[in-house]
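Please keep the model in view while reading.

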Amino acid sequence: MDPELLSMVPRPVCAILLLFPVTEKYETFRTEEENKIKAEGQEVKPTVYFMKQTISNACGTIGLIHAIANNRDKITFEADSSLKKFLDDSVNMNPEERAKFLETYEAIRVTHESSAHEGQTEAPSIDEKVDLHFIALVNVGGILYELDGRKPFPINHGQSSDDTFLEDAIEVCKKFMERDPDELRFNAIALSTA
């Protein structure tokens with residue numbers, strides 16, 4: 001995550017997917033952060049596409065949906081895209097309704113399951129407890145948001161821009177790493193133009 005290596009990432013970056021360990025330290029922080037935001041409030045633009053995660057072990061799929069849904073203006077979909085149809089059909093729903101809609105949306109479920117079985121390691125069963133979690137970091141209207149379907153709302157991490165998004169998002173990633181300095185199980189994936 002040093003500047004020299006970040007300079008090799010193709011620009012512009014439209015989203016970062018962060019994989020991190022869910023530890024006791026993280027859970028304590030998550031609870032404190034949620035309580036603070038509930039007490040103090042935060043600005044969340046109404047254009048942020050956010051959904052809850054109600055399907056076990058689907059955080060990677062939810063992270064990708066968050067990343068793509070908040071960058072639709074930068075993505076060209078195929079005419080018969082199931083994902084585009086899902087996003088079009090769910091854009092006016094609230095986060096809980098989107099989660100319920102995803103639970104019954106057959107095309108994404110099938111894609112999720114087939115992708116999970118294509119990797120080099122065996123995917124965990126839907127009921128298996130896992131201690132790693134994906135979130136998406138996106139820039140919506142000049143604000144950097146953390147989108148985690150396990151949380152009740154998006155997290156506003158302050159100002160950002162298309163030019164500074166990667167560096168701004170990496171600073172958020174570093175905070176996750178600093179909370180658990182003995183952990184090595186972190187991975188960041190940039191979604192950028194080809």
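The accessible surface of the chain comes to about 11100 Å² (Shrake-Rupley method, 1.4 Å probe), and carbon and sulfur atoms hold 53% of this surface. The model is predicted: local features need pLDDT of at least 70 and side-chain atom pairs pLDDT 80 or more, while totals for chains, interfaces and linings use all residues. Residues are numbered from 1 along each chain as its sequence is written, and side-chain values use heavy atoms, leaving out hydrogens and water.

Of the 194 residues, 38% are buried (under 20% relative accessible area; exposed is over 50%, partly exposed in between, 1.4 Å probe, protein chains only). The chain has 7 helices and 5 strands (DSSP runs, H or I of at least four residues and E of at least two, numbered from the N terminus).

The count of salt bridges is 14 (a side-chain nitrogen of Lys or Arg within 4 Å of a carboxyl oxygen of Asp or Glu). Among them are these:

| Salt bridge | N to O distance |
|---|---|
| Lys-45 and Glu-43 | 3.7 Å |
| Asp-89 and Lys-85 | 2.8 Å |
| Glu-146 and Lys-151 | 2.6 Å |

Asp-89 and Lys-85 both lie in helix H4 (residues 82-90), 4 residues apart. Glu-146 is buried at 1% relative accessible area, and Lys-151 is buried at 2%.

Arg-30 lies in helix H2 (residues 24-40) and is buried, at 15% relative accessible area. A network of salt bridges links Arg-30 with Glu-27 and Arg-150.
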